[in-house]
Protein chains: 4
Amino acid sequence: MTSPTQDHGARPAPAGAPDVLAELTGAVRAFAAERRWEPFHTPKNLVMALSVEASELVEIFQWMTPEQAAAVMADEKTGEHVREEVADVLAYLLGLCDVLGIDPAQALRDKMVKNARKYPVPPAPVES
Amino acid sequence: MTSPTQDHGARPAPAGAPDVLAELTGAVRAFAAERRWEPFHTPKNLVMALSVEASELVEIFQWMTPEQAAAVMADEKTGEHVREEVADVLAYLLGLCDVLGIDPAQALRDKMVKNARKYPVPPAPVES
Amino acid sequence: MTSPTQDHGARPAPAGAPDVLAELTGAVRAFAAERRWEPFHTPKNLVMALSVEASELVEIFQWMTPEQAAAVMADEKTGEHVREEVADVLAYLLGLCDVLGIDPAQALRDKMVKNARKYPVPPAPVES
Amino acid sequence: MTSPTQDHGARPAPAGAPDVLAELTGAVRAFAAERRWEPFHTPKNLVMALSVEASELVEIFQWMTPEQAAAVMADEKTGEHVREEVADVLAYLLGLCDVLGIDPAQALRDKMVKNARKYPVPPAPVES
């Protein structure tokens with residue numbers, strides 16, 4: 001039996017192809033530059049802002065039951081709130097990667113290789 | 001003078017271009033599925049995990065001076081640690097978007113339109 | 001009927017009573033001083049450390065069901081872990097208050113007065 | 001030479017003395033009970049709320065220089081904001097300890113004993 005880990009996995013996009021993360025990173029960078037926010041966007045400040053935005057996501061869910069949390073997107077206003085906080089987390093994550101020179105997609109591909117060794121796939125149940 | 005906001009901005013990648021976020025989301029989803037982690041990956045649990053990973057980034061920077069933080073990638077071991085925590089934040093963010101049915105790139109494009117109204121570009125300094 | 005809010009409420013301890021927060025704050029301060037950590041214990045760094053410790057508490061609970069979370073202290077090892085992270089949060093909270101000159105007990109008493117106005121007690125159910 | 005660690009340290013309050021943490025914990029408990037919030041105040045939800053409040057403290061400081069952060073209490077409005085967020089963190093910490101049956105003061109005393117072993121006091125500089 002072929003392990004399913006050999007059938008998928010994160011693969012780099014073809015060389016030269018436009019990349020949605022590069023597009024979004026450029027937009028985030030330009031947004032900050034136009035407003036002259038770069039002096040504030042130090043790595044230390046950006047990790048703080050990233051964690052604050054992640055907590056704003058947590059705040060939406062903190063008093064919900066698991067059932068309410070699972071249905072969060074069904075309520076239009078709350079769903080939009082979640083989308084906005086997701087966007088804020090992504091914006092600061094890309095901004096941080098930009099100032100640090102990190103390629104977030106490659107960082108994730110590398111981390112998944114490492115995690116696959118740390119958490120091996122459990123054996124498939126035996127079919128009888 | 002043309003406002004710089006009209007010259008860039010987050011635009012969708014051309015149709016047919018490979019979408020690195022879709023690729024990474026698929027890899028994150030398969031990783032969890034192979035390990036039968038889906039029952040744990042509820043929205044409420046994923047936002048908690050996301051905020052925990054964001055705090056692990058904060059932990060790296062918490063005692064650094066601004067100067068040390070700016071040079072964080074110059075130290076190979078610390079730089080690799082930062083890359084790994086960035087990857088973990090991205091993994092949980094994509095996993096959360098996947099279970100909630102959110103397109104993170106479009107969420108960020110929409111949020112930047114909203115933010116551009118909230119934070120107008122200041123007038124350019126007058127040239128004399 | 002007398003409102004229950006008039007029957008209790010946070011009241012200062014009687015004059016002369018030992019103040020456990022002052023005791024603990026003194027211990028936290030001396031611990032940092034002996035190790036010459038004061039230059040690192042700036043307000044900005046301490047709020048980062050506080051939030052990191054709070055997230056270490058979240059990490060313990062992130063994959064638990066509500067039932068598992070409710071029984072967390074029944075497992076000796078996990079219960080001790082929770083106690084230690086609670087201690088770390090309290091230590092940084094007291095350290096932060098110390099460097100900022102905030103009396104945490106009085107801050108909480110004042111906040112509860114404000115919160116009582118913000119969240120009025122709902123009317124008691126009518127007895128029939 | 002007597003080690004400074006023997007001259008101070010967190011000591012329990014005399015048995016039977018009123019305790020500011022017990023007072024505040026009682027007030028926090030009554031506040032939640034009057035509003036019938038207990039069903040929401042599960043350990044998992046309370047750690048989420050605690051981390052969210054800690055992040056609201058971080059939010060105040062995230063764009064400040066170290067100098068601005070050091071002077072944060074000099075601005076009346078910002079200083080009051082800091083006091084309120086400190087109070088919120090303390091309230092959820094005490095509420096969490098209450099539902100879990102943890103004595104936060106004793107937890108901190110125990111943790112400091114452990115930390116003292118982990119981080120030994122460096123030798124005093126030799127006087128010449």
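Reply: What follows takes helix packing, interfaces and salt bridges in turn. This is a predicted model, in which local features need pLDDT of at least 70 and side-chain atom pairs count only at pLDDT 80 or more, while totals for chains, interfaces and linings use all residues. Residues are numbered from 1 along each chain as its sequence is written, chains are lettered from A in the order in which they are written, and side-chain values use heavy atoms, without hydrogens and water.

Me: Why are α2(C) and α2(D) called roughly antiparallel?

Reply: The axes of helix α2 (residues 43-61) of chain C and helix α2 (residues 43-61) of chain D cross at roughly 160° and come within 9 Å. Axes are lines fitted to C-alpha atoms, for helices over the stretch in contact, with angles from 0 to 180 degrees between N-to-C directions; helices are DSSP runs (H or I, at least four residues), numbered from the N terminus. Angles over 145 degrees count as roughly antiparallel, and α2(C) and α2(D) are therefore given that name.

Me: Which residues make the contact of α2(C) with α2(D)?

Reply: Contact means heavy atoms within 4.5 Å. Among the residues that make it are V47(C), L50(C), A54(C) and F61(C) of α2(C), and V47(D), L50(D), A54(D) and F61(D) of α2(D). By class, the contact has 16 nonpolar, two polar and two charged residues.

Me: What is the buried area between chain D and chain C, and what is it between chain C and chain B?

Reply: Buried area is the accessible area (1.4 Å probe) that two parts lose on being put together, summed over both. Chain D and chain C bury about 6,000 Å², with 73% of it on carbon and sulfur atoms; 75 residues from chain D and 76 residues from chain C take part in the contact. For chain C and chain B the area is about 1,400 Å², 63% of it from carbon and sulfur atoms. On the chain C side, V52(C), Q62(C) and W63(C) lose the most area to chain B, together 42% of what that side buries.

Me: What makes E84(D) and K114(C) a salt bridge?

Reply: The rule asks for a side-chain nitrogen of Lys or Arg within 4 Å of a carboxyl oxygen of Asp or Glu. In E84(D) and K114(C) the closest N and O atoms are 2.5 Å apart, so the pair meets the rule. Between chain D and chain C the count is eight salt bridges, whereas across the interface of chain C and chain B the rule finds zero.

Me: How do you know that the salt bridge of D110(B) and R83(A) joins two chains?

Reply: The side chains of D110(B) and R83(A) meet at 3.1 Å, N to O. D110(B) lies in helix α5 (residues 104-118) of chain B and R83(A) in helix α4 (residues 76-100) of chain A, so the pair joins two chains.

Technical notes: Angles under 35 degrees count as roughly parallel, over 145 as roughly antiparallel, 65 to 115 as roughly perpendicular and the rest as oblique. Ala, Val, Leu, Ile, Met, Phe, Trp, Tyr, Cys and Pro count as nonpolar, Asp, Glu, Lys and Arg as charged, and the others, Gly among them, as polar.
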